[in-house]
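Biologist: Please take one part of this model and describe it closely. Then place it in the rest of the chain, with the cut-offs stated.

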Amino acid sequence: MSTEQAVRPEDERLGIGPTIGYGVQHILAMFGGVIAVPIIIGGAAGLTPAQSAVLVASGLFVSGLATLLQTLGLPFFGSQLPLVQGTSFASVSTMIAIVGDDGTDGLRTVYGAVIVAAAVGLLITPFFARVVRLFPPVVTGSIITVIGLSLMPVATGWITGRETVTVGGATVPNPEFAALPSIALAGFTFLVVVVAGKIAVLSRLSVLLGLLVGTVVALVAGLSDFSGVGAASVAALPAPFAFGTPLFTVGATVSMVIVVLVIMVETTADILAVGEVVETRVDARRVGDGLRADMAASVVAPVFNSFPATAFAQNVGLVALTGIRSRFAVAAGGLLLLVLGLSPMASAVFSAIPQPVLGGAGIVLFGTVAASGIRTLAAVEYRGTNNMVIVAASVAFGLVPVVSPDFWANFPDWFATIFHSGISSAAIVAVLLNLFFNVFAPGRPSAPSVVAAGPPVLVQTGEIRILASGEVLGPDSYEPVTAKPGTQVRED
């Protein structure tokens, strides 16, 4: 390792105990997300519980391999950043559409489409790696903020459960939806995380403690079920192509290529986001290595009965919240994922963590991601620019699919697939507006719109401030004044 590499924050080496502990914390934070996709797809394909268990174990196994590749790296593969890899949520709706009513044959078609689409993504990675210069702070800050805000429905969904359930083939309201015991359990977990974060010796393990204490309380209160642990086998190797060899169709492949492009945009945003949080240099080469690891894992995933891989944004929030920036701690978590994928019994133990407990911790984690984005936006220059418009529009577009999931339902499938992801929506809008305002047509008109001008600024007694319009407000006055040469001012 070179001297330059050795001083990188992410290269910090912790003791064996802390490394394992922080690794477990990362896995607990993302476990609900990594098993959700295989459960959803297994249900869409009409798989038996045993077959769905194969999908879950396979997803954990592939996520572990992908995380090790991303954090430790090989030549040209892996960003060597503290990023946990998991199954992408962006691919769910497309994969369900491909599965249709074809059962396991539809699942095999999904695997064929993923292999081809990920290979295409691997080939075009050099192009994507060069877009780093299109992500200045006004873009990355907007995207990171949207990442955190768009994950909030995931946390609340874990707390409330599904609004409807299927009984005897009919869809009926779920009587347990938003039950008070679930909300109380989530609130208790949230409080444990917050209080532990206030105690110096516990702050870095606050999320882990919240999950552990919350699970124990849920067990005592009868809100968790560990009965499935004893029925699971201790160890089992994931069988390649357990559902049959992949099937290849043009339509499914084209749809999945669009999904892969969305995943690449999201992964680029996550790599840049974790770089901001860790405060380390992320250049085009590093983004390219990270994307190659992502796409290589996605090519291999169908062989082991899994789906496209991507960096998990919630773990970026955990890095920001705990201050643990070591990629080796995340690598330890990847190794744990690998072991869980080889042990259905161990997977069952972690799967028994009640979702309201995950949701209570998720509120803090996802909120921290949004706060990191706001911190980045605070460093953006708004005076004499249209950056306020860029932030406003990109955050608004990013939240459209969050507040109205069916907003793009009547648009072409390729368009709906891209803009159904709040993260990719925000990224596309922010990049395009940044190009328009700051690259192709830099500057701002002398009489900007109310939005571009920004909010008015009030001056406290004794202060001198520069308004967004360029006017200067002086001490003991709310009237514009002219600053004398050498006057100390504070810009807002």
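Modeller: The side chain of T125 reaches the backbone oxygen of G121 at 2.9 Å. A polar atom of the T125 side chain also lies 3.5 Å from the backbone oxygen of L122. A polar contact here is a pair of N or O atoms within 3.5 Å; within protein, one must be able to donate a hydrogen and the other to accept it, and residues adjacent in sequence count only if both atoms are side-chain atoms. This is a predicted model, in which local features need pLDDT of at least 70 and side-chain atom pairs count only at pLDDT 80 or more, while totals for chains, interfaces and linings use all residues. Residues are numbered from 1 along each chain as its sequence is written, and side-chain values use heavy atoms, with hydrogens and water left out.

T125 lies in helix α5 (residues 104-129); helices are DSSP runs of H or I, at least four residues, numbered from the N terminus. With a relative accessible area of 0%, T125 is buried (under 20% relative accessible area; exposed is over 50%, partly exposed in between; 1.4 Å probe, protein chains only). Leaving out residues up to four places away in sequence, T125 touches M264, G288, L291, R292 and M295, where contact means heavy atoms within 4.5 Å.

Now the nonpolar cores, each a set of buried Ala, Val, Leu, Ile, Met, Phe, Trp, Tyr and Cys residues joined through side-chain atoms within 4.5 Å. The largest has 82 residues, and I41, L107, I143, I147, M256 and F307 have the most contacts inside it. Helix α10 (residues 250-278) supplies the largest share of this core, 14 residues. Apart from it lies another core of 13 residues, including I35, L60, V330 and L336. F307 touches V37, P38, I41, L55, T87, M95, L107, V110, Y111 and A301, again not counting residues up to four places away in sequence.

Helix α6 (residues 137-160) is mostly covered, with 17 of its 24 residues buried. Its end C-alpha atoms are 35 Å apart, in agreement with the 34 Å that 24 residues should span at 1.5 Å a residue (the expected span is 1.5 Å times one less than the number of residues). G161 follows α6 and has a positive phi, near 80°.

As for confidence, the chain averages a pLDDT of 80, and 84% of the residues score at least 70; pLDDT is the predictor's confidence in each residue, from 0 to 100. Over residues 1-5 it stays under 50, and the model has six contacts for them beyond four places in sequence.

Key: Helices (H or I, at least four residues) and strands (E, at least two) are DSSP runs, numbered from the N terminus.
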